[in-house]
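Good morning, and thank you for coming.

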Amino acid sequence: MKRVLSVLTMLAALAGSASAAGYVLPPYQAGALQSSDWMPSYNIEGLYAIGEEDAPDAWGVRGSFSLYDDANGAVRHQFSISIAGEFGSDSYKEAGVKVNQDFWMVPITGAYDMNIGITDSVYLDLGVRAGWATGSYEESVMNDKWKEDFNGFTMGVGAGLKIFCSERLYVKVGYEFNRTFIHDDVGANINQHVITASIGTAF
């Protein structure tokens, strides 16, 4: 009985000393994903979209909120959601008659980008995006006007260079090919070659 009490006393003493000791986090291991690796980023982009066929060229701006993985400096994965506004007007002649065009579109998209390090501050950016777009297209010939509202699935692929000016501030230039599939009576998909220039901050 005395031996049992002695063992219980020793176990109680060890448990007390263990509970009194502070918990120590394991040391950081290279390549291990930490909770702080997913960082928020805010980005504002200027757009110039060159339209194919009947789509006029458009200027625009796009704002994005992103989360990116900072665990590995060589390759970064970025997920973002964005909204853009594009506005354009153009004119052309058909059978000697001038036709004026007005166009606007608002795409809301989600995107995935892979950033591949070229140097410590320069990354190759490869991305895909998809979402939904709504807009309006109008043509006027002399005193006659024709207008059609549209909406549809939109998607795009792109590439660019992201250059970090400091630890948290970066600029980016790139190219995208975007296609919007029209579901209404416009009848033709909207294909755009988009040149982008942006500035962003990461926290």
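Let us begin with Ser-140, whose place is in strand β5; strands here are DSSP runs of E with at least two residues, helices are runs of H or I with at least four residues, and both are numbered from the N terminus. Before going further, I note that this is a predicted model, in which local features need pLDDT of at least 70 and side-chain atom pairs count only at pLDDT 80 or more, while totals for chains, interfaces and linings use all residues. Residues are numbered from 1 along each chain as its sequence is written, and side-chain values use heavy atoms, with hydrogens and water left out.

Ser-140 has a relative accessible area of 11% and is therefore buried; buried means under 20% relative accessible area, exposed means over 50%, and partly exposed lies in between, with a 1.4 Å probe and protein chains only. Not counting residues up to four places away in sequence, Ser-140 touches Lys-98, Val-99, Asn-100 and Lys-145, where contact means heavy atoms within 4.5 Å.

Next, please look at Ala-58, in strand β2, which spans residues 58-69. Is Ala-58 buried or exposed? Ala-58 counts as buried because its relative accessible area is 1%. With neighbours within four places in sequence set aside, the contacts of Ala-58 are Leu-47, Tyr-48, Ala-49, Glu-86, Phe-87, Gly-88 and Phe-103. From Ala-58 to Tyr-48, ten residues away along the chain, the C-alpha separation is 5.9 Å.

Beyond four places in sequence, Phe-87 touches Ala-58, Trp-59, Phe-103 and Trp-104. Phe-87 and Tyr-48 are 39 residues apart in sequence, and their C-alpha atoms are 9.7 Å apart.

I turn now to the aromatic rings. A pair of aromatic rings is described by the distance of the centres and the angle of the planes. Across the whole structure there are nine aromatic pairs; rings of Phe, Tyr and Trp (its six-membered ring) pair if their centres lie within 6.5 Å, and planes under 30 degrees apart count as stacked, over 60 as edge-to-face and the rest as tilted. Trp-38 and Phe-79 make a tilted pair, with 6.0 Å from centre to centre and 40° between the planes. This pair links distant parts of the chain, since Trp-38 lies in strand β1 (residues 38-51) and Phe-79 in strand β3 (residues 75-94), 41 residues apart. Trp-38 is partly exposed at 34% relative accessible area, and Phe-79 is partly exposed at 45%.

Why is the pair of Phe-103 and Phe-150 stacked? Their ring centres are 6.2 Å apart and their planes stand at 15°, so the pair falls in that class. Because Phe-103 is in strand β4 (residues 97-117) and Phe-150 in strand β6 (residues 144-164), the pair ties together parts 47 residues apart in sequence. Both Phe-103 and Phe-150 are buried.

The structure holds three cavities of 30 Å³ or more; a cavity is a set of points on a 1 Å grid over the protein atoms alone where a 1.4 Å probe fits but cannot get out, and lining residues have an atom within 4 Å of a point. The largest cavity has a volume of about 250 Å³, the volume being the space filled by probe spheres set on the points, which are joined across faces, edges and corners. Its lining comprises 26 residues, and Asp-113, Asp-125, Arg-129, Lys-172 and Glu-176 lie nearest the centre. Which strand gives the largest share of this lining? The answer is β6, with six residues.

Glu-176 also meets Asn-178 through a polar contact of 3.3 Å between their side chains; a polar contact is a pair of N or O atoms within 3.5 Å, and within protein one must be able to donate a hydrogen and the other to accept it, while residues adjacent in sequence count only if both atoms are side-chain atoms. Asn-178 belongs to strand β7, residues 169-180, and is buried because its relative accessibility is 8%.

Finally, the whole protein. There are one helix and eight strands, and of the 203 residues, 33% are buried.

Technical notes. On a 1 Å grid over the protein atoms alone, a cavity is a set of points where a 1.4 Å probe fits but cannot get out, and a pocket is an open set with protein on both sides within 12 Å along at least five of seven lines; lining residues have an atom within 4 Å of a point.
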